[in-house]
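Welcome, and please load the model in your viewer.

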Amino acid sequence: MSRLAAFLHPAKLDEQKEVFISARFCDESGQPVPFTIKALSQAENEAIGKMCLKGGKWDDIEYTQRLGLAATVEPNFADKELLAAFSPDPSSPLLDPLQLPGRMLRTGEYGKLVNEIMQLSGFDKDISVEAKNF
């Protein structure tokens, strides 16, 4: 196989994974329910980054919020029922989906979700170690 073939047929970009973020989210039988996350491509990451650069200033908090929103498949942070359930005031308008994970998750849970997304998207992988094993 030529090297070109390796570039023509790489591993899929649309990889998904189930991760257990917290035992607080359980189904009817009391079993923890996983979150489903997806890997982000560099193009998606760049689009998120452009939204977080305002007036020449980088917003780390918004970047993390947008990253979580873009890469979390389930639960759907834009779901109206979920947004209403975590709204600070039932009579107020629905939350912005960017705010939902911050209201729904504890700090450590939020960090775990973001770390899982980053790992699945290719961060924290040392491919030089993998290459040496061949």
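Two strands count as paired if DSSP finds at least two bridges between them. Helices (H or I, at least four residues) and strands (E, at least two) are DSSP runs, numbered from the N terminus. This is a predicted model, in which local features need pLDDT of at least 70 and side-chain atom pairs count only at pLDDT 80 or more, while totals for chains, interfaces and linings use all residues. Residues are numbered from 1 along each chain as its sequence is written, and side-chain values use heavy atoms, with hydrogens and water left out.

**The whole chain.** Start with everything in cartoon view: there are 7 helices and 5 strands. Read from the N terminus, the elements follow the order α-β-β-α-β-β-α-β-α-α-α-α. Of the 134 residues, 30% are buried (buried means under 20% relative accessible area, exposed over 50%, partly exposed in between, with a 1.4 Å probe and protein chains only).

**The sheet.** Next, select E1, E2 and E5, which form an open sheet of 3 strands in the order E1-E2-E5, with antiparallel pairing. Which strands stand at the edges? They are E1 (16-19) and E5 (72-74); each has a single partner strand, so one side of each is left without a neighbour in the sheet. From one strand to the next, the twist averages 35 degrees.

Zoom in on E1 and E2 (residues 35-38), which pair in the antiparallel sense over 4 bridges. Show Glu18 here, and you will find Thr36 of E2 opposite.

Axes are lines fitted to C-alpha atoms, for helices over the stretch in contact (heavy atoms within 4.5 Å), and angles run from 0 to 180 degrees between N-to-C directions.

**A proline in H5.** Move on to Pro101, in helix H5 (residues 100-104). Is Pro101 buried or exposed? Pro101 is buried, with a relative accessible area of 4%. Leaving aside residues up to four places away in sequence, Pro101 touches Phe77 and Tyr110. Pick Pro75 as well: Pro101 and Pro75 are 26 residues apart in sequence and 9.9 Å apart in space, C-alpha to C-alpha.

**Back to the start of the chain.** Finish with helix H1 (residues 3-8), where Leu4 is found. Colour by accessibility and Leu4 counts as exposed, at 55% relative accessibility.
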